[in-house]
Amino acid sequence: MSATAENPPAAAAATAVATAVAAAVEDRVTARVISDDPLFRKIPVALRFAAAEPLAVRIVFPAGLSPEGTDNEWVFPRALLEAGLQAPTGTGDVRVWPCGRVQAVVEFHSPEGVAVIQFDIAALRRFLRRTNAAVTRQA
């Protein structure tokens, strides 16, 4: 007998986990910290999406960049990231705008200050295409 026939609830749970994993998207990209320094610093960044939160994206900065020594994760609307690749958008903690034809800037505001990070638009578009595909698969 198959595992499904012998243990239907376990098989259903395994299928749900496999679907959730398939609907998760993570891209590792290199971004640039923009500051007054004439030399910019490259940093590794994780772009994350989970179909369980279809309206949100996450940008995760490595622990080495935070005073607490922990990953710094920002969660904001996926639509904000999409719109910001076309025109300046955002009025709160996260603002996004295109910077020329191949770069985009994401500005993060917190009580500790402001971080300005530059991304390749192609990397952000690729990530957004993958998130859109994950949402379509879930529907």
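Reader: Is R78 buried or exposed, and which side chain of opposite charge is nearest?

Author: First, the basis: this is a predicted model, in which local features need pLDDT of at least 70, side-chain atom pairs count only at pLDDT 80 or more, and totals for chains, interfaces and linings use all residues. Residues are numbered from 1 along each chain as its sequence is written, and side-chain values use heavy atoms, with hydrogens and water left out.

Side chains of opposite charge can pair when their charged atoms come close. A salt bridge is a side-chain nitrogen of Lys or Arg within 4 Å of a carboxyl oxygen of Asp or Glu. Lys and Arg count as positive, Asp and Glu as negative, while His and the chain ends are not counted. R78 is buried but has no salt bridge, the nearest side chain of opposite charge being E82 at 4.6 Å. Here buried means under 20% relative accessible area, exposed over 50% and partly exposed in between, with a 1.4 Å probe and protein chains only.

Reader: Where does R78 lie, and which side chain joins R78 in a polar contact?

Author: R78 belongs to helix α3, residues 78–84; helices are DSSP runs of H or I with at least four residues, strands are runs of E with at least two, and both are numbered from the N terminus. The side chain of T131 makes a polar contact of 3.4 Å with that of R78. Such a contact is a pair of N or O atoms within 3.5 Å; within protein, one must be able to donate a hydrogen and the other to accept it, and residues adjacent in sequence count only if both atoms are side-chain atoms. Beyond four places in sequence, R78 touches residues including F49, L55 and V135, a contact being heavy atoms within 4.5 Å.

Reader: Which residue forms a salt bridge with D27?

Author: The partner is R130, with the closest N and O atoms 2.1 Å apart. D27 lies in strand β1 (residues 25–34) and R130 in helix α4 (residues 121–138), so this pair ties together parts 103 residues apart in sequence. D27 is buried, at 10% relative accessible area, whereas R130 is partly exposed, at 36%.

Reader: How many salt bridges are found in the whole structure, and which residues are linked in a network?

Author: The search finds eight. E26, R28, R48, E53, R58 and E73 are linked in a network of salt bridges. Within it, E73 meets R58 at 2.6 Å, N to O. E73 is in strand β4 and R58 in strand β3, so the pair ties together parts 15 residues apart in sequence.
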